[in-house]
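Here are a few notes to read alongside the model. Have the structure open as you go through the points.

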Amino acid sequence: MSHSERPYRLKPNTTSIREGRALRILTENSELDIVWTMTTKEREIKLRAIPIPLFKGLIGWRIPLISYSNLDLFKAANTEKSVSALRAGQVHDWPDTQILKWNHFAVESSSTYEGLFKMLASRRIDYYPRSALEVWTEFEERKHLTLAVDQHLVLQYPAAVYFFVRNDDEVLAQDLLQGLEYMIANGEFDKLFWERHGEQIRRSNFETRHRVQLVNPLLPTGTPIQRRELWFTP
């Protein structure tokens, strides 16, 4: 927003709001002006997407969290068929739940994000696929649950986290898009990306993992896949 001529003032929401409710609030033109979340066809109908993947698609690089007592789970199960038979945990209203089910993966859903870590610890699910953006911090924060980050596998599907604003918020949408494009052109965007996420990417060791490629049926047709500079590639 600092690249805009308008004097924007950023004010963060002060209460915890689940993803689905945040999008409803934004749609209703009440408490929020901007939300960032994974894009889907449905979300791009209800809201206005700023089509720059904020995490360069890294949200679609999914590393399994597993139980420490099951460290070799994906050493043998490393094909789409063998992995799909294992029980993945997801929150019921996340786009990832629909993506996994569309690819014929076994999914156990929960109404809460935190509940899935407890389900994993009690072996009610086999794994909890988390993006490389999230998995390392989540693991460190829950060592008391005796979990582990799998070292063998990565699930990958094209996915993008966008800024979303209301459909009629033309000025804010244009300022966001122009600001992001300016940052991409002058290298500021990539610099910030690697400063924030370089260590997570290095720890993930994508080059040594077996990659299972999945289809994302929720991805809008207008997603700028052809702009290679917008996407992370190991």
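1. A quick word on terms: helices (H or I, at least four residues) and strands (E, at least two) are DSSP runs, numbered from the N terminus. Arg-202 and Glu-199 both sit in helix α9 (residues 188-204), 3 residues apart, or about one turn of the helix. Their side chains meet in a salt bridge at 3.6 Å, N to O; that term means a side-chain nitrogen of Lys or Arg within 4 Å of a carboxyl oxygen of Asp or Glu.

2. Before going on, this is a predicted model: local features need pLDDT of at least 70, side-chain atom pairs count only at pLDDT 80 or more, and totals for chains, interfaces and linings use all residues. Residues are numbered from 1 along each chain as its sequence is written, and side-chain values use heavy atoms, with hydrogens and water left out.

3. How many salt bridges does the structure hold? There are 21. One of them pairs Glu-42 with Lys-46 (3.0 Å, N to O), and these two are 4 residues apart in helix α2 (residues 41-46).

4. Arg-87 and Asp-126 also form a salt bridge, at 3.2 Å, N to O. This pair links distant parts of the chain, 39 residues apart: Arg-87 is in strand β4 (residues 87-91), Asp-126 in the loop between α6 and β6. Asp-126 is buried, with a relative accessible area of 13% (buried is under 20%, exposed over 50%, partly exposed in between; 1.4 Å probe, protein chains only).

5. Have a look at Lys-56, too: it has a positive phi of about 55° although it is not a glycine. Most residues other than glycine have a negative phi. Lys-56 lies in the loop between β2 (48-50) and β3 (61-67) and is buried at 6% relative accessible area.
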